[in-house]
Amino acid sequence: MTDLTKYRNIGIFAHVDAGKTTTTERILKLTGKIHKTGEVHDGEATTDFMEQEAERGITIQSAATSCEWDGHRMNIIDTPGHVDFTIEVYRSLKVLDGGVGVFCGSGGVEPQSETNWRYANESEVARIIFVNKLDRMGADFYRVVKQVEDVLGANPLVMVLPIGIEDDFTGVVDLLSRKAWIWDDSGLPENFKIEEPPADMADAVEEWREKLIETALEQDDDLMEAYLEGEEPSIEDIKRCIRKGTINLDFFPTYCGSAFKNKGVQLVLDAVVDFLPNPTEVKPQPETDDEGEETGEFAVVDPEKPLRALAFKIMDDRFGALTFIRIYSGKMNKGDTVLNTFTGKTERIGRIVEMHADERIELDGAQAGDIVAVIGMKNVQTGHTLCDPKAPATLEPMVFPDPVISIAVAPKDKGASEKMGLAIGKMIQEDPSFRVETDEDSGETILKGMGELHLDIKIDILRRTHGVDVEVGKPQVAYRETITQRIEDSYTHKKQTGGSGQFAKIDYSIEPGEPGSGYEFESVVTGGNVPREFWPAVQKGFQASMDRGVLAGFPCLDFKVTLMDGGFHPVDSSAVAYELAAKAAYRQTMPKAGPQLMEPIMKVDVYTPDDNVGDVIGDLNRRRGMIKSQEPGPTSVHINAECPLSEMFGYIGDLRTMTSGRGQFSMEFLHYMPCPKNVAEEVIKETKEREAEKK
């Protein structure tokens, strides 16, 4: 039996370009897992093994790898930082016990780090912080610590202080041992000396060490009392308190260094072992019933309990489909039969492998606490639970955001269309935030995703990985419709053919709902004019119609239907008649209720050099953007704005032109807002023209 207290399942997450993948590379080198470090900017990083990742120097899908440090086994997931791939971060956090949040020493807390931090808070994942790139121009460790407090509302527990800054950054002082770790200029992580801290740092070391001990001892009243009476606690006691506070999310041990220059990574690895929880110290996963409600049972991390495992990622590679699984309880061996509670079908476990980026090591079995990949599962998708057929249970599923942008694709020739279908099928299984639909009228294939970069990469994968040449249409915005007035109306559905006919009469009101309320239905019928058993049919009829609005055929949001009265016929009335009446009533009344087009508004964060602020703000205003705030940073100005998605296509190119390539931006969906009249008219006209062309 392996000892679960020696396991650490951790993720490395941060804003794009803070140095996550480089940090992962250094960890693998230090733990002896790889012998030559690959660099992201050379396109040779171990965990960035997709062609697209190597070329663009960004991480697109989370890669899993495992290594050993100080007798502990670490399963590490390197996640993407780019906002278009947040889904990868979200699903990785779901199965991890701890994390390392990497922040850039000069960029500080950036918008994507906020999103990832929020996800980690929701998933209640214990974290340590690593402030990276202290050798960069404009790096400032203390400023980043302050930003973590102010922007993230978190409590950083400073464990080390940097020696020197920017080009003079040589090492760190470990506050607990009061020792300085100094690296030489060879760039080799093992070339360091441990010595006394520089004399000019003595006061700062004592000041921060006192803060560290006081914060840590709040976890243990007896030690705190002794400390206040002048008794110095032992290093072991302090570490025990830090571990307890970290797991309770009371604070986050904070380290610093430069992963690229190999400085400071060992201390982070020691911290993972010392302070992050092992699988048995994390709240067990709640089990749910068929409706997704919690049952009060939990999957306790114990190899002797029945099997409970969650499939959190599907990846297709040259050996077939790989299903990444986190085992919460029980054991899983080659040849076992497991039940997928989502499909109700059983699957046989073929081969179990331990992943090292895209290499694999065959295993005979795995147990609670492990993260492994299984080859050849047929019907398992992200978020499905695998369990012991004799003791079925479902783990809390994952929730995925809705896509905000879509493009039409068509294969270049007939032969490619079947190939394209298969390739897109595989890609959907891998990425739940990527959806595909076929437009019923035109037969076009519509791909939907989280942003331009997201869809750009998907097209690239289609072309290169799957060899399907496609033509790409213009991006389409996911508009919505709603209504602005309350209307009372009545509709009678009568149909007389030979034999029994159809009859349904409904009196109803349709009114605008609160933003975000969706579709609501209420019946206030009294006296049985519309018998109770037909109410669900009326509700269903309206609900089925809301997918097509009356202005331009976009789905309709936020309205409430109240069934007030009606009439029925003892022979001719049926559920079908009432459903048809409701559908016709929707078409009759919606145009009278002041229909309005709604457009998706994005939260846009732009980072631009000081000199270009005026141009950037002017350009955002031209794009109908609302500037919410601008904050000067050490190297750039952060502009926070809200802009309609339809105006943001191709923005990255324009921003780079305005800022000579130095500007950066990220955006995420915020909410829907009414469309200005001139824009709405244009959209409706275009939609109608497109539909006419299809016919």
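1. A quick definition to start: two strands count as paired if DSSP finds at least two bridges between them. Keep in mind that this is a predicted model. With that in hand, look at Val172, whose bridge partner in β9 is Trp181. Strand β8 (residues 171-174) and strand β9 (residues 179-183) run antiparallel to each other, joined over 4 bridges.

2. Now zoom out to the sheet around that pair. It is an open one, built from 4 strands in the order β7-β8-β9-β10, with antiparallel pairing. The edge positions go to β7 (160-163) and β10 (192-195); each has a single partner strand, so one side of each has no neighbour in the sheet. Going from one strand to the next, the twist averages 25°.

3. What lies across β8, β9 and β10? Helix α9 (residues 265-275) does, and it runs at about 130° to β9.

4. Helix α11 (residues 452-464) is worth a simple length check. Its 13 residues, at 1.5 Å a residue, should span 18 Å, and the end C-alpha atoms do sit 18 Å apart, so the two values agree. Several residues of α11 are buried, among them Leu453, Leu455, Ile457, Ile459, Ile461 and Leu462.

5. Last, the cysteines. How many disulfides does a search of the whole structure find? The count is 0.

Notes:
Residues numbered from 1 in each chain as written. Predicted model: local features only at pLDDT ≥ 70, side-chain atom pairs only at ≥ 80, totals over all residues. Heavy atoms only, no water. Disulfide = S-S within 2.5 Å. Helix = DSSP H or I, 4+ residues; strand = E, 2+ residues; numbered from the N terminus. Expected span 1.5 Å × (residues − 1). Buried < 20%, exposed > 50% of the residue type's maximum accessible area, 1.4 Å probe, protein only. Axes fitted to C-alpha atoms, helices over the stretch in contact; angles between N-to-C directions. Contact = heavy atoms within 4.5 Å.
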